[in-house]
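Please read the following note beside the sequence and the model.

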Amino acid sequence: MFCKVVCFSIFGSIFLSLAHSQDEDAITKLQNAVLVLQHRVSVTEAQLEKTQTRLTQADVKLQQAEMNAAALKTQLAKEGKEIQRLKNSYTNNSGTTFVHWGRTSCPGTPSTTLVYSGAVGGTHYTSQGGAADYVCLHPNPQWNKYGNGGLSSSMYGAEYEQVDNLFGKKNAAKFHDNDVVCAVCHVASRSSQIMIPARRQCQSGWTKEYEGYLMTSYESHAGKKLFTCVDENPEVARGSFANKNGALMYRVIAQCGSLQCPNYVQGRELTCVVCTK
């Protein structure tokens, strides 16, 4: 009986010891497993944080890209409107041309370009026939069929005559009997042109190309010429000083009586302005 009690006690102690040892092993394993899980969680959280940072950066870049795209769309729309405006401008008006009398260059107004420059020509001041207008002759003529002789009308160069103080007293001798130059100009963005005599400024809404003085042939000469607006700061053809006459250009003065004075003044040289729109 005693052995049973003692044996039972010994075996119970051994069993409890084994059970306790197994529990400690299990706890240790659980603790190790928890540590591993905690490490994995930490790693995962770090990866998630990096991913979140990248997503945030990507979102910022996406927003910036969207803003840039919107700005580009706005700019593209503006450029498209401007292109359409220019197309309409060139489609609806093919531009206009004018002669810059007295100069070999065109005014520096927007969209104005030089077509060519040359010398002024016309019929002789004594001719009763021929043309009444001055023309801007190209410096390099191109010939076709021609015959030397027979009835014809003649083209002469034009000279400044009796300009007096029209272009300043110091320049009077410089221009008298010198040949008149010219330039043909094209304006791409405007479709109409006018010459306004007795004015130095254009009407509202018109672009001033240049101003000058009204000139034509002498009133007692047989050859009649159209009124022409010569630039207020004219040039002459180089080496052209010679009294060869030909087509002549004189200043134009106001004569009271049939002209209303005022506002016109007897004997004053008439100004002029060339305008485009």
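The numbered points below take up the aromatic pairs and then the core.

1. The model under review is predicted. A search of the whole structure finds three aromatic pairs, and two of them are described here.

2. One of the pairs is formed by Phe98 and Tyr210; the pair is tilted, with 6.3 Å from centre to centre and 35° between the planes. Distant parts of the chain are linked in this way, since Phe98 belongs to strand E1 (residues 96-101) and Tyr210 to strand E7 (residues 207-216), 112 residues apart. Phe98 has a relative accessible area of 4% and is therefore buried. Tyr210, with a relative accessible area of 5%, is also buried.

3. Another pair joins Tyr160 and Phe175 in an edge-to-face arrangement: the centres are 5.5 Å apart and the planes make an angle of 85°. Tyr160 lies in strand E4 (residues 156-160) and Phe175 in helix H2 (residues 172-175), 15 residues apart. Tyr160 counts as buried because its relative accessibility is 0%. Phe175 counts as buried because its relative accessibility is 3%.

4. Which residues of the largest nonpolar core touch the most other members? They are Tyr160, Phe167 and Met215, out of 30 residues in this core. The elements that give two or more residues to the core include E1, E4 and E7, together with strand E5 (181-187). The largest share, five residues, comes from E5.

Conventions
Residues are numbered from 1 along each chain as its sequence is written. This is a predicted model: local features need pLDDT of at least 70, side-chain atom pairs count only at pLDDT 80 or more; totals for chains, interfaces and linings use all residues. Side-chain values use heavy atoms; hydrogens and water are left out. Rings of Phe, Tyr and Trp (its six-membered ring) pair if their centres lie within 6.5 Å; planes under 30 degrees apart count as stacked, over 60 as edge-to-face and the rest as tilted. Helices (H or I, at least four residues) and strands (E, at least two) are DSSP runs, numbered from the N terminus. Buried means under 20% relative accessible area, exposed over 50%, partly exposed in between (1.4 Å probe, protein chains only). A nonpolar core is a set of buried Ala, Val, Leu, Ile, Met, Phe, Trp, Tyr and Cys residues joined through side-chain atoms within 4.5 Å.
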